[in-house]
Amino acid sequence: QRGKKARASRSLPEPSWEERLSNAVTPLWRLPYQEQLQVKYESQRKILQTLTSRLEELGIDAQKPGGLCCSLQPVVPSPIINGYRNKSTFSVNRGPDGNPKTVGLYVGTGRERNIVCVKANHVENMPSKHKQVAQCYEEFICCSPLDSCILFHEGGHWRELVVRTTRCGHTMAIITFHPQQLGQEALATQKALLKEFFTSGPGAVCALTSLYFQESTMTRCSHEQSPYQLLHGAPHIFEELLGLRFRISPDAFFQINTAGAEVLYQAVGELCQATGDTVLLDICCGTGTIGLSLAHRVSKVIGVEVVEKAIEDAEWNAAFNGISNCEFHSGKAEAVLPQLLASWEDARPLVAVVNPSRAGLHYRVVRAIRSCRAIRRLLYISCKPEGEAMRNFLELCCPPDPRKNLAGEPFAPVLAIPFDMFPHTVHCELVLLFTR
């Protein structure tokens, strides 16, 4: 309300819906790129100041020259600033014109009940191919007699669209559909119409490599909960990164900025200080990109990942690229890792790299890492270090605590390097090096 009053007093025009969307998803879009990097540097500095204070509350003398617990390097810029995203998720909801079949991104919040779905044709971090597929999907559902599914309990069917692209020129589209009360025959009809539209109808202009369909009665659904059904094309798309070729499944994790990921992984390789006899433990390894890109530097790579399809991709990636010194374990890290490390007797140096989701590492994973004496060096990669990752940082660094069953020598943060994987947004990928 205050913002509206201030705007009215200055007689400024209301921002367009396009501006509102840009402000929501790419809030730094108006700033020159060097200024964006400076904004991100300051935000990472504040996060490290918080970590320093929290460590001192634990009785750890954390301050180094500069007042932080570790050295903070300048933000490493992204090689590509516009259109860098290789994955975009589009919602289906009411647009500013009231069209309930608008395909775009949200402006507003559920709490304030002012959500509007705005087309993303102008958003700077999204490639044109993603916008093209979204436009075609909207064209398809607008011609469909079936409603969009805005609220599950109110019925409707057409839901999210995910578009994934690669530098190899591949495009995967994944369409989420709420079946409601439709029978198998009716579902088969909708899948056939969708396939026809994208293969021989107006959607053929998208030249999809893969078209997937997922029936889902939940907000988010894994392949195990509701399988991704391939309607057309190849089951996977492929990406090339650091001279290697990677296979990507519909729900496999892959860094959103491929060119930025190359810069990030090269730096991770340097920070590992790996030698020919090092074993690299890649926790939350996804399709194996980090471990496989560093496999030539180490004697062995051990990857752990909860998404089964991603592990299948990782194993395929290793075999296809002729890499034979990698082993991958499927399952939750908190179940796999304690077993893996409890009986660790390998004399070779062990370096750990963790790249968890925003939920951070499970407590049992941190406990297993601390209890394994062989791990002297740990790289934590986080896209939200101020969130649950902060809890992990403190668990890694606090003194041994029998009450929490945290044994083992604590780690200490040594170096922090932010990587701008997300130009125009406020987010950074922070690599934090811990040693002991």
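These questions and answers cover aromatic rings and listed sites in a predicted model.

The model is predicted, so local features need pLDDT of at least 70, side-chain atom pairs count only at pLDDT 80 or more, and totals for chains, interfaces and linings use all residues. Residues are numbered from 1 along each chain as its sequence is written, and side-chain values use heavy atoms, with hydrogens and water left out.

Reader: How many aromatic pairs are there by the rule?
Author: Rings of Phe, Tyr and Trp (its six-membered ring) pair if their centres lie within 6.5 Å; planes under 30 degrees apart count as stacked, over 60 as edge-to-face and the rest as tilted. By this rule the count is 12 aromatic pairs.

Reader: How many residues apart in sequence are the parts that tyrosine 137 and tryptophan 158 tie together?
Author: Tyrosine 137 and tryptophan 158 form an edge-to-face aromatic pair, with 6.5 Å centre to centre and 85° between the planes. Helices (H or I, at least four residues) and strands (E, at least two) are DSSP runs, numbered from the N terminus. Tyrosine 137 lies in helix 4 (residues 128–143) and tryptophan 158 in strand 5 (residues 158–165), so the pair ties together parts whose separation in sequence is 21 residues.

Reader: Is tryptophan 158 buried or exposed?
Author: Buried means under 20% relative accessible area, exposed over 50%, and partly exposed in between (1.4 Å probe, protein chains only). Tryptophan 158 has 0% relative accessibility, so this residue counts as buried.

Reader: Which residue does UniProt list for "active site"?
Author: UniProt positions are given in the numbering used here, feature names are shortened, and annotations may be inferred rather than shown by experiment. For "active site", the unreviewed UniProt entry lists Cys383.

Reader: Which residues is cysteine 383 in contact with, leaving aside its neighbours within four places in sequence?
Author: Cysteine 383 is in the loop between strand 15 (375–382) and helix 11 (388–397). Contact means heavy atoms within 4.5 Å. Leaving aside neighbours within four places in sequence, the contacts of cysteine 383 are Arg358, Phe422, Cys428 and Glu429.

Reader: What is the relative accessible area of asparagine 355?
Author: For "binding site", the unreviewed UniProt entry lists Gln255, Glu305 and Asn355. Asparagine 355 lies in the loop between strand 14 (350–354) and helix 10 (363–371). Asparagine 355 is buried, because its relative accessible area is 10%.
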